[in-house]
Amino acid sequence: MHAIIFNKQGPPGVFEYAEMPDPHAGAGEVVIRVASTSVNRVDTLIRSGYPGLAITMPHIAGGDAAGTISEVGDGVFDFKIGDRVVVWPLIACGTCDTCLHGKANICMNWKFIGMHRAGGYAEYVSVPAKSVLH
């Protein structure tokens with residue numbers, strides 16, 4: 001697939017257009033064919049270098065994405081191929097005290113799409129189904 005990546009952190013000039021492997025939906029995940037994305041402030045911090053955060057290179061940023069589901073992983077029942085969706089980029093752990101009390105938005109063990117895993121600056125992105133909204 002086509003993607004916008006960076007192999008080192010720095011100014012916007014570090015972005016490159018590249019061919020990357022297509023993502024696949026693991027258990028509990030969906031793959032979205034990205035129709036649109038945006039530049040979030042988090043994306044600029046990751047690209048320029050966020051103190052204490054190690055990024056796997058090459059990296060695909062982009063936490064905010066919307067598109068159509070193209071693949072559904074095992075155990076996903078709320079979505080089907082062809083559904084139009086938007087990504088909520090925060091991935092809550094589901095097991096910390098705040099998650100267990102219905103406050104996943106302040107999860108103590110959070111991950112972020114486009115930060116801790118490949119994001120939406122690509123044709124396709126694989127995300128946990130719990131991070132997708134119709």
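The buried residues of helix H1 pack against strand E1 (2-6) and strand E2 (15-19), where contact means heavy atoms within 4.5 Å. Helices (H or I, at least four residues) and strands (E, at least two) are DSSP runs, numbered from the N terminus. The model is predicted: local features need pLDDT of at least 70, side-chain atom pairs count only at pLDDT 80 or more, and totals for chains, interfaces and linings use all residues. Residues are numbered from 1 along each chain as its sequence is written, and side-chain values use heavy atoms, with hydrogens and water left out.

**Helix H1**

- Asp43, Ile46 and Arg47 are the buried residues of H1, which spans residues 41-48; buried means under 20% relative accessible area, exposed over 50%, and partly exposed in between (1.4 Å probe, protein chains only).
- These residues lie on the same side of H1 because they cover an arc of only 100° around the axis, the arc being that of the directions from the helix axis to the C-beta atoms.
- An α-helix has 3.6 residues a turn, so residues three or four places apart point the same way.

**Methionine 1**

- Methionine 1 belongs to the segment before E1 and is buried, at a relative accessible area of 11%.
- Its C-alpha atom is separated by 6.1 Å from that of proline 21, 20 residues away along the chain.
- Leaving out residues up to four places away in sequence, methionine 1 touches residues including Pro21, Ile60, Ala122 and Tyr124.

**Salt bridges**

- The structure holds two salt bridges, each defined as a side-chain nitrogen of Lys or Arg within 4 Å of a carboxyl oxygen of Asp or Glu.
- One joins the side chains of arginine 117 and glutamate 29 at 2.9 Å, N to O.
- This pair links distant parts of the chain, 88 residues apart: arginine 117 is in the loop between strand E7 (111-112) and strand E8 (124-128), and glutamate 29 is in strand E3 (residues 29-37).
- Arginine 117 is partly exposed at 26% relative accessibility, whereas glutamate 29 is buried at 16%.
- In the other, the side chains of lysine 80 and aspartate 83 meet at 2.8 Å, N to O.
- Lysine 80 counts as exposed at 55% relative accessibility, while aspartate 83 is buried at 10%.

**Threonine 98**

- Threonine 98, in helix H2 (residues 97-100), is buried at 16% relative accessibility.
- The side chain of threonine 98 reaches the backbone oxygen of isoleucine 106 at 3.3 Å.
- Beyond four places in sequence, threonine 98 touches Lys103, Ala104, Ile106, Cys107 and Met108.

**Surface patch**

- Val86, Trp88 and Leu133 form a nonpolar patch on the surface, together about 260 Å² of accessible area (Shrake-Rupley method, 1.4 Å probe; for residues, only the protein chains shown count as cover).
- Patches are made of residues with over 30% relative accessible area and no salt bridge; like charges are joined within 9 Å, nonpolar side chains (Val, Leu, Ile, Met, Phe, Trp, Tyr) within 5 Å.
- Tryptophan 88 lies in the loop between strand E5 (84-87) and strand E6 (90-91) and is partly exposed, at 35%.

Note on methods: A polar contact is a pair of N or O atoms within 3.5 Å; within protein, one must be able to donate a hydrogen and the other to accept it, and residues adjacent in sequence count only if both atoms are side-chain atoms.
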